[in-house]
Amino acid sequence: MEIMPAYEKKSLSDIVVAYVKSKILSGALKSGDKLIEADISSELNTSRAPVREAMRILNEQGIISFSPRRGNQVLELSPKEVLEVFEVRISLEIQILHVLVTQDKLQESDYQELYNLTREMRNGEGRCSNDEERVSLLNTLDLSFHRYLWNASESSRRAQILEGLFYQLLIVMNQDIVTLGTFEEKAQEHLRILNALKTKQSPLVLDEFMRHMHNYVDAMFTKNN
């Protein structure tokens, strides 16, 4: 089962970017893995130029790194750096949630779309036949839920930064899929965020969001201790 995230594919380099991100979502690409331009070019049946441009874009997003000795590789982060990325993401997403609540950005149709995503999470296990499909679907639905909120806030700069941070954290969490949680756990966490948003009470929304994020932080750092 091929699960690709939704991206607007305006150019060949965009296709390459989406391809690499889909490999990260599925856990096929992990921290420190090398990205060989010639291999990607062959796999996608394209020239090297759009692959090179895609590597530049992914580098700017903080998803890959480049060095003359090692070439392009998937980002590696120390535990201290991981915690910093979590802190930055949490700070920015709290701002997004504040905008959504105080400016009454979400309508009933938005709540329905978000609910549909939580329902897909709940039913996700039955759609997957192996760990790679499971990781890909869980991560794709997680990203879709949060991206919907980022976009609904009409905070395009924050949304752009948050997507890069999401992938940076995912690269690390995919090292051990236990840190991702189960479909049922994530469905319940996102449903609680959704129900809090419906109350339009910022303290409740932030409490559920922080609980959701701290579950990831606790899982990662408990695993490493």
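Colleague: What places L12 in helix 1?

Modeller: L12 lies in helix 1, where helices are DSSP runs of H or I with at least four residues, numbered from the N terminus. This is a predicted model, in which local features need pLDDT of at least 70, side-chain atom pairs count only at pLDDT 80 or more, and totals for chains, interfaces and linings use all residues. Residues are numbered from 1 along each chain as its sequence is written, and side-chain values use heavy atoms, with hydrogens and water left out.

Colleague: Why does L12 count as partly exposed?

Modeller: Buried means under 20% relative accessible area, exposed means over 50%, and partly exposed is in between (1.4 Å probe, protein chains only). L12 has 48% relative accessibility, so it counts as partly exposed.

Colleague: What does L12 touch, not counting residues up to four places away in sequence?

Modeller: L12 touches T46 and P50, contact being heavy atoms within 4.5 Å.

Colleague: Why is S155 called buried?

Modeller: S155 has 10% relative accessibility, so it counts as buried. S155 sits in the loop between helix 6 and helix 7 and touches I96 and W150, again leaving out residues up to four places away in sequence.

Colleague: Which residues touch the most other members of the largest nonpolar core?

Modeller: They are V20, M55, F86 and L197, out of 66 residues. Such a core is a set of buried Ala, Val, Leu, Ile, Met, Phe, Trp, Tyr and Cys residues joined through side-chain atoms within 4.5 Å. Helix 7 gives the largest share of this core, 10 residues.

Terms used
Helices (H or I, at least four residues) and strands (E, at least two) are DSSP runs, numbered from the N terminus.
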